[in-house]
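Please review the following briefing on a single protein chain.

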Amino acid sequence: PPYGACLLGSINLARLIENPFSDEARMNEEEMEELVATAVRMMDNVVDVSRFPLAQQEAEAQAKRRIGLGVTGVADALLMLRLTYGTDEAAEQVEVWMRKIQHAAYRASVELAKEKGPFPLFDAEKYLASPTIQDLDKDLQDAIRERGIRNALLTSIAPTGTIALYAGHVSSGIEPVSAYSYKRKITLDDGSKAEEEVVEADDRRIHQKGIQV
């Protein structure tokens, strides 16, 4: 929106796979939901500690308390479960993860509203009329009606190029693995250009043989 600010964060799904590349490989969904709740609280706090260039930007951020929590490392997580990116089975698995993340994020925001109050522009009837909110579980909708919600918007799927690098060179966002190593062009402090080799996570390269990607 006008004067809106971009506040994004990502859950690294690859870090949540237990026993990767084995018959016992699984997503630790309990840890994932706990991590989502922590991320929502952290990002909500960012709204308050941020210093905005314009008063209008601060007013917009405070009025809606928008955050955009997403994911990275999706392709890695699928590889660790021995699932092929782009198949129906892989898509169904990602849909399960994303719905759990969505619900965990909204529940965490409801708890924050109970603790700190809902976002200032919250209107229960208008908010609950949104197709996104109507797709949530009934008990979660009832909780929003009763307690409000801290953040007007909670989830977003971003490219996470830089975040994926910081996370240990995992696959970016929801994108497939395009290469296990590549050259990255960077600009140095003095303005000169350089190339740096980026090597993707070792465990993927070790186990890529025999796995379709």
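The secondary structure of the protein chain comprises nine helices and six strands, where helices (H or I, at least four residues) and strands (E, at least two) are DSSP runs numbered from the N terminus. The model is predicted: local features need pLDDT of at least 70, side-chain atom pairs count only at pLDDT 80 or more, and totals for chains, interfaces and linings use all residues. Residues are numbered from 1 along each chain as its sequence is written, and side-chain values use heavy atoms, with hydrogens and water left out.

**Overall dimensions and packing**
- The C-alpha trace of the protein chain spans about 55 × 50 × 25 Å along its principal axes.
- Of the 213 residues in the protein chain, 39% are buried (buried means under 20% relative accessible area, exposed over 50%, partly exposed in between; 1.4 Å probe, protein chains only).
- Among contacts (heavy atoms within 4.5 Å) between residues at least 6 apart in sequence, 71% join residues at least 24 apart.

**Helix α4**
- Helix α4 covers residues 88-116 and includes Glu 92.
- Glu 92 counts as exposed because its relative accessibility is 52%.
- Gln 102 also lies in helix α4, but counts as buried because its relative accessibility is 15%.
- Leaving aside neighbours within four places in sequence, Gln 102 is in contact with Thr 132, Leu 136 and Thr 155.
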